[in-house]
Amino acid sequence: MKRNPRTAPARTGAAREAALAGAAVCLALGALGTLSGQASAAPAQAPAPVPAAASDLAAARAAATSPATLSTLSRFFARDGAVARSAAEPRAGGATVAVYVLSPDFVAGKKGAPVARSEFLATPAVSSDGQKASVWAADTGSGWQVVNIATGDDEFRYAKAGAAKLPGGTVFREPQTDAWYVTGGSRVLPLDEDAVRAVGTKGTTLAAYRARVTAAYGDKLPGSAYAKKGAAGGYGGPAQAAPEQPEQAAQAAPAPADGPAVSAAVAAAGAGGLTVLLLGGFTARRLHRRTREV
């Protein structure tokens with residue numbers, strides 16, 4: 001199920017006038033707020049993000065497969081009467097993957113910045129009736145905890161598609177448009193229809209992609225007037241929220257005796273909840289997918 005991105009306000013004034021033709025980098029310097037320094041020339045290539053450490057993958061997987069999380073998954077899969085909670089029999093496992101999103105540093109033109117940064121680690125889950133979910137875990141400062149559960153298997157499908165399309169590349173998501181890409185070397189290639197609309201079926205060069213995202217988001221980076229107003233939550237927040245309910249913050253719970261911690265709100269919220277945690281500096285945006293604390 002595709003996400004429902006929040007449409008960003010139209011760019012006006014100096015931000016609109018800053019758009020430059022061709023592969024030149026467009027940067028609305030006046031709106032960068034606390035960010036400083038001139039943008040570097042558009043790169044022919046960018047370094048890959050630092051891969052997740054094996055210990056982090058193991059910790060995230062342990063949190064996602066703990067008895068506390070499986071109990072939460074039973075309620076998640078039983079939402080709307082899809083299956084009886086006692087019959088859900090959730091199973092979490094398979095490969096835990098790092099999920100990357102477009103990096104604000106890349107948008108801002110910081111020299112040597114990778115295209116994407118790690119957002120969270122995801123582990124697949126499935127119920128007895130075949131429902132699929134993605135269990136998101138993050139290091140909240142109190143250890144690795146489950147911070148959200150989302151319907152579907154986007155993270156794993158696109159990781160597989162990206163590996164097939166560009167072996168060794170980095171699969172990442174552009175959160176403002178919910179577009180998925182894979183990048184490697186000097187190319188950015190599309191993995192879904194949103195990305196195809198943005199860069200075409202054959203993709204684009206890294207330099208042209210950065211020019212595009214800088215023109216679109218250069219005035220919406222952390223510290224900008226746009227972000228300070230709270231419009232669409234600013235730019236580039238890792239955790240994403242479904243549209244049906246207001247976002248809310250939650251405090252992390254201590255690790256239960258039966259396994260790694262599940263955040264307090266994830267463990268305690270009712271099956272009708274449609275909010276997402278805002279832990280570890282996460283901000284919230286809309287998704288096509290339904291995400292729940294249950």
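Buried means under 20% relative accessible area, exposed means over 50%, and partly exposed lies in between (1.4 Å probe, protein chains only). Helices (H or I, at least four residues) and strands (E, at least two) are DSSP runs, numbered from the N terminus.

This is a predicted model, in which local features need pLDDT of at least 70, side-chain atom pairs count only at pLDDT 80 or more, and totals for chains, interfaces and linings use all residues. Residues are numbered from 1 along each chain as its sequence is written, and side-chain values use heavy atoms, with hydrogens and water left out.

**Helix H2**

Helix H2 spans residues 54-64, and Ala-60, Ala-63 and Ala-64 are buried there. Seen down the H2 axis, its buried residues fall within an arc of 100 degrees (taken from the directions from the helix axis to the C-beta atoms). They therefore line one face of the helix. On the other side of H2, Ala-54 and Ser-55 are exposed. The cover over the buried residues includes helix H3 (67-77) and strand S4 (132-139).

Two strands pair if DSSP finds at least two bridges between them.

| Pair | Sense | Bridges |
|---|---|---|
| S7 (residues 179-184) and S8 (residues 187-190) | antiparallel | four bridges |
| S8 and S9 (residues 204-205) | antiparallel | two bridges |

S7 and S8 form a hairpin with two residues between them. Gly-185 in the turn has a positive phi of about 65 degrees. Thr-183 has Val-188 in S8 as its bridge partner. Val-188 also has a bridge partner in S9, Thr-204.

**Leu-206**

Leu-206 sits in helix H7 (residues 206-217). Leu-206 is buried, with a relative accessible area of 1%. Its C-alpha atom is separated by 6.6 Å from that of Gln-45, 161 residues apart along the chain.

Technical notes
Contact means heavy atoms within 4.5 Å.
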